[in-house]
Amino acid sequence: MRIQCPICGSRDRREFYYKGDALALKRPAPDAGAEAWDDYVYLRDNPAGWHSELWQHEAGCGAWLVVERNITSHEIRKVTLAEDAT
Amino acid sequence: MRVQGKGLIDRSRPIGFRFDGHRYEGFVGDTLASALLANDVKLVGRSFKYHRPRGIYSAGSEEPNALVTVGRGAGAEPNIRATVQELYSGLEARAQNAWPSVGFDLMAINDLAAPFLGAGFYYKTFMWPKAFWEKLYEPVIRHAAGLGALSGQANPDKYDRGFLFCDLLIIGAGPTGLMAALAAGRAGVDVILADEDCRMGGRLLAETKEIDGKPGFVWVDEVLAELDSLPNVRRMVRTTVTGAYDSGMFGALERVMHHTAQRDGGAPLETFWRIATKGAVLAAGALERSIAFRNNDRPGVMQAGAVRAYLNRWGVSPGKTMTVFANNDGAHQTARDLLDAGVHVAAVIDSRPDAPDIEGVQMIKGGLVKAASGGKQLEAISVIHNGTTEQIATDCLAVSGGWNPTVHLTCHLNGRPQWSEDIASFVPKMGAVPGMIAAGSCNGEMSTAQCLADGVKAVECALGITVKVDVPAAEDDPYRMRPLWAVPGKGRAWLDFQNDVSVKDITQAATENFSSVEHMKRYTTQGMATDQGKNSNMQALALLADATGRGIPETGTTTFRPPYSPVALAALGAGAQGKGFAPERKTTSHVFSEKMGAPMIAVGLWYRPSYFPKAGEKTWRESCDREVGYIRHSVGICDVSTLGKIDIQGPDAAALLDFVYTNMFSTLKVGRVRYGLMLREDGFVMDDGTTARLSDTHFVMTTTTAAAGDVMRHLEFVTQCLRPDWDVRFTSVTEQWAQFAVAGPESRALLNGILDAPIDAESVPFMACGPVSIGGVKGRLFRISFSGEHAYEIAVPSRFGESLFETLVARADAMEGGAYGMEALNVARVEKGFITHSEISGRVTAFDLGMERMLSAKKDCIGKTLSWRAGLTDPDRERMMGFKAVGAAKMLTAGAHLYPEDQDAHRVHDQGHITSVAWSPDLERYVALGMVRGGSARLGERLRMVDGVRGIETHVEVVDPVQFDPEGGRVRG
């Protein structure tokens, strides 16, 4: 699998660290309540299809990326810098 | 035998080689298989299960039978297919799976026991008594069944790996692939043309049909010459594209040096390539299938196409009296080529009553080969025709049941091939691998002319361009074939030669309701050998379809997975053996530490000294106790450079630290250091360490050695994903600075001997930091302590590390101190109740560590909200405390569990466990840290400590985690 890093270009997936769902970008306020925090830290949808994920180009420029990837085909349709996504 | 006037071998260059100890001769251009056939060696191995005699069956990588061991000693390589092993001078090969020899194999007794060893025999026969399976049956079966064995020694050969990039990868260099390469090469795109063979051309080297009015191999040479003149085309021979992967990635194995005797030169034996391409053309060709009949596995029964290949490419006739058995027109060419070469063809048996005639040969139309006879090689076949059976003497039968497109790579991303009634075989599904176009005979195009045209079309389709290439004239015969999978009759007719699977095994599987193709495969082991059933899967599933009353498309195929042909693990793992798997990180004091005799221990990838033995010391403990004495009573020196160091700068640096640490850093004064605790967002402790403020906007954070990478990634996550608005930048400076702990009551005195400007208690109080100068070298001094003693850490740019360490150790020596290692460091910190990742196990909270007051109420931080969850603040949680032995045994051990004194050592009574233990030379007893339910509420209570692994049991008292100098006066000096 290859990922198109917006800074470095197309790179082998071995250069990237996978964190998980891009939901991690939406950190609730400290007083948002137990349910909101439970959703943020633990609960994830797992559809057989398109996911919005966080990857870091750890062995490259270090950029965190939001990667739209289809987990049934590994097709990647969009990659953006996480700092532009928030 | 060799046939004069035929073949592309170089008869002026003979080569000597050995097989099973006998000396033979071949020519440059031979494979081991062609050279053996030229020398009339028919028997080359024994089958996996029944030890039936095996001969060369094919002329390519699909070979099921001719597996040999090449070479000797540590580098000997088993399971090499003789059909792809190029001959070289001095090659030594041995037959496998036979004892004492391939000609007289005692294990062939298995064949007589065959009625008991049919499909599923493992599951039925050896069930009882249960213990016998592991101790008796399995070892016996494993000894009897098998392939070649590795030497058992370390592999001396070099393997390599690499990445390649191109616009178009063309897989296979037969007529389709060559035409595609020509079209794409002329269009100017970057092309990689890969072929598993040592010589490109595919079937064109094996056939006598002309292209463009020239012999096929002449046309091939012309095309290759043009391709080699194009700078945008890279040709890779001996390179098997083994798998198709996501986003246009392909795996490819290049056998770099297997065709030579050289094993110790600069070049690797094999290279595994990862090829990234924008598009691909699969021109993998087709594999000839067989027809099953009784004893059809006898040496001398071969693929009809392979017989043509041996004759036309290598100038070898595999037999003196040839016969052909086929269900298609194409195989008739085998008889014609043999006749033209002057080889005797006794008969051609065609199962179709309406088969065409061949001039000069006895044609038996509508005939079937019922059985083969002969011991270790074929002697005769019995042919049934019009109700009568006739014996025909022959030493080689060329069989063809038609051709199967090589669809394998199109299925590697989960694609399933589609059934084509036209050719009675599976063909690739379009678009099964994005960007890859299947073309030529792997796409079901069965004439040379169709293949050539399809090669051009595939390039146009893959690149979305129009190319102008003249397609040369070539053979365009229709593919006439009538399916025939097996000849009915008594006796065992074989499908999978390598795994000894017969037609009866398939029908038995169906009878026992293993009727799904995947179940049948596993029950019979059909297609599970190293050749993955390339010669037999199609027949097996056709027979299964027949036995279950379903059609072939409904039955479907088993799953094709990479690799296409076997790949050595050494090639896949190239670069990751030994130190390649775990590179060594060494500190600037490494060489000097080794000079002092210190055993080095791995800490992650780093190596750190365990202790520094002195003459007369017999155990590590003696050295360790002495080194703890340096820290407690004079001065000790320890390299702490392996701790992660992150340089953080920017107007929002303090805000970042406030957010990632539980405690406040924005209030830290310039020139001061603070201990910080870092949580994960779920409220559990992630790491700890000290951070120094060098200016308003400049901090240096230290992390633990183990978590340096995780913390760096965490900071990147926080700044890029959560607070991209902050103006802050940071970078790892772990390798840039060498840092040494100078610990003990004499530490200041030692430092003042080397610092350009002396320090005192006022200028550098506890937890102060600042720039210093050592002989003109600019460094940093931190008054921090991981030992509870008056201590400092001094940092200099790494290039000065070695010299500073030697200086510090020499000065300490002069003050009756010296260097100390990890063991002494650990003792000092356990005595003081300081935590490491033994305590920060990923399951503990700040509350568990007694550090809940470090969670600042004035600000938010990562992990704060969830750390206050009810379950994480339960007073009954296991919390960190100190322990001392009070029982008869004074030994404490890390990992031991704690129980009430009046209860069994049973998990339901478990109260916690010991995390760290050290012998304290000053307290003259063991000191321990651990987690115990209720934590400080248990202070003074006695518990049972049981170490079930080491068999140690004692009683402990719960004490304060700080067991040495609880008032903490020493650290302030």
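A residue counts as buried here if 20 or more other C-beta atoms lie within 10 Å of its own, as exposed if 12 or fewer do, and as partly exposed in between, with C-beta atoms placed from the backbone. This is a predicted model, so local features need pLDDT of at least 70 and side-chain atom pairs count only at pLDDT 80 or more, while totals for chains, interfaces and linings use all residues. Residues are numbered from 1 along each chain as its sequence is written, and chains are lettered from A and ligands numbered from 1 in the order in which they are written.

**View 1. Chain A on its own.** Of its 86 residues, 22% count as buried. Chain A has two helices and six strands, where helices (H or I, at least four residues) and strands (E, at least two) are DSSP runs numbered from the N terminus. Follow the sequence of chain A and you get β-β-β-α-β-β-β-α. Its C-alpha atoms fill a box of roughly 40 × 30 × 20 Å along the principal axes. Take the contacts in chain A between residues at least 6 apart in sequence: 50% join residues at least 24 apart. Two residues are in contact if their C-beta atoms, placed from the backbone, lie within 7 Å.

**View 2. Where chain A meets chain B.** Chain B puts 17 residues into this contact and chain A puts in 19. On the chain B side, the elements giving two or more residues are helix 18 (708-722) and helix 22 (864-867). Helix 18 of chain B gives the most, with six residues. By class, the side of chain B that touches chain A has seven nonpolar, three polar and seven charged residues. For that tally, Ala, Val, Leu, Ile, Met, Phe, Trp, Tyr, Cys and Pro are nonpolar, Asp, Glu, Lys and Arg are charged, and the others, Gly among them, are polar.

View 3. Phe325(B) sits in strand 18 (residues 321-326) of chain B. Is Phe325(B) buried or exposed? Phe325(B) is buried, because 31 other C-beta atoms lie within 10 Å. Leaving aside neighbours within four places in sequence, Phe325(B) is in contact with Ile291(B), Ile349(B), Val369(B), Leu397(B) and Val399(B). Ser400(B) is 75 residues from Phe325(B) in sequence, yet their C-alpha atoms are 6.4 Å apart.

**View 4. Helix 8 of chain B under cover.** The buried residues of helix 8 (residues 332-340) are His332(B), Gln333(B), Thr334(B), Ala335(B), Asp337(B) and Leu338(B). Their cover includes helix 7 (304-314), strand 18, strand 19 (344-350) and strand 24 (396-400) of chain B. After helix 8 of chain B comes Gly342(B), with a positive phi near 85 degrees.

**View 5. Helix 5 against helix 6 in chain B.** Helix 5 (residues 175-186) and helix 6 (residues 216-229) of chain B pack at about 30 degrees, with their axes 10 Å apart. Axes are lines fitted to C-alpha atoms, for helices over the stretch in contact, and angles run from 0 to 180 degrees between N-to-C directions. Helix 5 of chain B brings Leu178(B), Ala181(B), Leu182(B) and Gly185(B) to the contact, and helix 6 of chain B brings Val220(B), Val223(B), Glu226(B) and Leu227(B). By class, that is six nonpolar, one polar and one charged residues.
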